[in-house]
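Please look over the model shown here. The report below takes up helix packing, aromatic contacts and backbone geometry in turn.

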Amino acid sequence: MVPDINPPGGRTIGLLKYLYRTSDIEAHVDPHIVAAYDPFIADPGRDPSATFTELAADLDQWVDALKDKAPSKHVWHCSARTADTDRILSDEEWATVARRIVNATGIAPEGDEQACRWIAVRHAPDHIHIVATLVRADRTQPRRHKDATRAQAECRKIEMEFGLRQLKKGDGTAAKRPTSAERRKAEHLGQATTSRELLREHVHRALAGAVDEGEFFNRLAAEGVRIKKRVAPSGDLLGYSVAIVGDRNAEQEPIWYSGSKLAPDLSLPKIRERFMTEPGAPGPSALMERAGESAPARARRFAAEAADAALTAIISHDDGTVAAHLIGVGEILDALAQTTPGQPHTDLREAARTFERATRSHIRAERTQIHALRRAARQIIHSGPALGRGADGATTALVLDVLILMVVAAGRWHAAHRHAQQAEAARQTAVHLRVAYQAAAAAPLADIRAYGERLSARTQQNHAAAIRSALPKLADRVQAEASWPALAAVLDQARRAGHDTTALLRKVAAQRELESADCLSEVLVWRLYQLDLVPAKMPTAVPAGKRTAKQVQQTAPPATLPSTEGAHPRRR
């Protein structure tokens with residue numbers, strides 16, 4: 001159950017008319033009062049003689065009594081909404097919810113005869129709106145300090161008692177949720193999400209790998225948003241605000257959001273902390289260039305290496321370093337979402353949006369530790385879009401392979417620190433990344449697997465022997481997987497380059513445990529790929545004078561090579 005407290009308003013009757021309006025709002029059905037400070041209050045939804053003017057005057061009685069001393073913003077408005085998967089609550093249950101929220105928030109403490117006047121209106125199956133006026137009968141204002149936090153805490157208790165979906169407890173570092181009014185306006189404008197959420201995504205995209213304020217604002221302008229800078233008389237930049245083109249208030253003025261209103265880490269001072277870890281020029285990475293490899297592929301290989309180092313750090317380093325690495329991983333996700341077209345794009349965008357919550361906690365990040373990750377994000381941005389096949393597709397799958405492990409580890413780290421919302425965000429990110437990985441890996445794995453299927457039966461048997469020698473407990477499982485021919489192909493390339501394949505397998509197997517992987521052969525393919533053992537373009541020729549494994553299968557009993565239909569997900 002999600003409570004949503006809006007900033008106080010100034011017109012009680014205006015809000016009441018909206019809550020009861022059904023003529024042009026299809027979602028409003030049978031609006032009526034389910035609970036109120038006075039159980040006998042006249043309800044315009046049930047009593048034909050009741051009017052909005054009378055109801056507003058009733059709620060405003062103590063406000064009006066103060067005359068010119070009354071607060072101008074005196075209308076308190078809180079909605080409470082159940083999840084899509086929850087059962088439909090009865091009016092009596094919603095009445096209980098309303099009473100508990102006004103008690104918890106200080107609007108109307110239980111047994112307080114001087115409490116504020118309030119009502120709870122239900123106009124849809126899944127939520128209610130609580131309207132209260134912020135003057136008590138004793139002419140004082142209610143003590144509602146941290147009312148949103150207290151409402152959230154009470155709703156967590158209600159979820160458990162009512163058998164509803166249990167949401168994660170927050171720690172105060174989440175970005176501000178869109179208000180009901182913002183959601184309604186997004187629907188009116190035809191936007192998939194609210195302006196606040198769209199702007200937050202635009203700022204993150206512009207920030208990924210940016211080296212200074214100039215580049216950040218140039219990229220932000222290129223995103224198509226309006227920018228307003230706050231400049232001191234000295235000429236120093238003090239802050240910034242952004243707005244969606246066409247999003248205006250009643251006075252036809254742009255609706256501006258400062259960076260800090262979008263998210264705690266998007267204020268100008270917080271952004272400048274990232275610029276202190278300058279990510280370097282967008283030129284070639286420290287990795288050796290490979291023949292035929294494009295700039296996007298090279299950038300992704302560097303990102304995979306940086307993410308792999310961060311994954312090691314998350315297990316062995318202090319909390320400040322881990323917190324910094326999570327910020328850097330967020331920038332890589334933002335960069336990949338901008339430069340990966342085709343089928344993986346949608347899930348990469350969702351992964352970047354979701355992981356944003358996992359990048360913030362009360363643990364202070366040691367930002368000097370994210371140089372490599374920010375440089376990797378910068379190179380991805382400046383290298384341009386990646387193609388779906390060949391080295392571009394393979395390196396996209398490679399970096400996603402590492403990032404899946406990274407966000408799973410991030411979720412475990414957050415869970416160990418009791419960061420419930422961040423741990424859940426990491427879990428959801430991993431789901432999106434697995435889907436993106438499957439889409440990105442399908443074509444390059446098919447190319448690599450096709451080469452493996454052309455290997456002679458004897459060659460495949462030799463590679464199977466290397467697997468049995470290096471991984472005796474897992475060899476049967478590897479050979480039973482659809483991607484085993486792809487692993488055989490990578491091992492064949494390594495052997496042709498003069499490597500000891502058994503030693504290589506032992507090396508990559510020792511990097512991290514394997515038994516929890518969904519597809520062992522794919523895990524090993526990408527770990528070996530990261531060692532530069534696969535050419536940018538796989539050979540297509542079958543070794544001359546030798547029968548291929550498929551040819552042997554046509555004249556012999558069923559071989560150990562499985563069907564190659566389908567691709568398994570990466571792991572976990």
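## Helix packing

H15 and H16 are roughly antiparallel to each other. This is a predicted model. The two axes cross at roughly 160°, and an angle over 145 degrees counts as roughly antiparallel. Helix H15 covers residues 390-416, and helix H16 covers residues 420-453. Their axes come within 8 Å.

The crossing of H15 past H16 is left-handed. Of the residues in the contact of H15 with H16, 18 are nonpolar. Another seven are polar, and three are charged.

## Aromatic pairs

How many aromatic pairs does a search of the whole structure find? There are six. One of them joins Phe-217 and Tyr-240, with ring centres 5.8 Å apart. The planes of Phe-217 and Tyr-240 stand at 80°. Planes over 60 degrees apart count as edge-to-face, so the Phe-217 and Tyr-240 pair is edge-to-face.

The pair links distant parts of the chain. Phe-217 sits in helix H8 (residues 213-222), and Tyr-240 sits in strand E7 (residues 237-243). The two residues are 23 residues apart. Are Phe-217 and Tyr-240 buried or exposed? Both are buried. Ring pairs also tie Phe-217 and Tyr-240 into a cluster with Phe-216 and Phe-275.

## Charges over rings

Phe-217 has a further neighbour. Lys-229 lies over the face of the Phe-217 ring, at 4.4 Å from its centre.

A second case involves arginine. Arg-375 lies over the face of Phe-302. The distance from the Phe-302 ring centre is 5.1 Å.

Lys-67 is found in the loop between helix H3 (61-65) and strand E3 (75-81). The relative accessible area of Lys-67 is 67%. The cut-off for exposed is over 50%, so Lys-67 is exposed.

Lys-146 also has a positive phi, of about 55°, although it is not a glycine. Where is Lys-146 found? The loop between strand E5 (127-133) and helix H5 (147-162) holds Lys-146. With a relative accessible area of 55%, Lys-146 is exposed.

Terms used:
Residues are numbered from 1 along each chain as its sequence is written. This is a predicted model: local features need pLDDT of at least 70, side-chain atom pairs count only at pLDDT 80 or more; totals for chains, interfaces and linings use all residues. Side-chain values use heavy atoms; hydrogens and water are left out. Helices (H or I, at least four residues) and strands (E, at least two) are DSSP runs, numbered from the N terminus. Buried means under 20% relative accessible area, exposed over 50%, partly exposed in between (1.4 Å probe, protein chains only). Rings of Phe, Tyr and Trp (its six-membered ring) pair if their centres lie within 6.5 Å; planes under 30 degrees apart count as stacked, over 60 as edge-to-face and the rest as tilted. A charge sits over a ring if NZ of Lys or CZ of Arg is within 6 Å of the ring centre and within 35 degrees of the ring normal. Axes are lines fitted to C-alpha atoms, for helices over the stretch in contact, and angles run from 0 to 180 degrees between N-to-C directions. Angles under 35 degrees count as roughly parallel, over 145 as roughly antiparallel, 65 to 115 as roughly perpendicular and the rest as oblique. A crossing is left-handed if the near helix is turned anticlockwise from the far one by less than a right angle, and right-handed if clockwise. Ala, Val, Leu, Ile, Met, Phe, Trp, Tyr, Cys and Pro count as nonpolar, Asp, Glu, Lys and Arg as charged, and the others, Gly among them, as polar.
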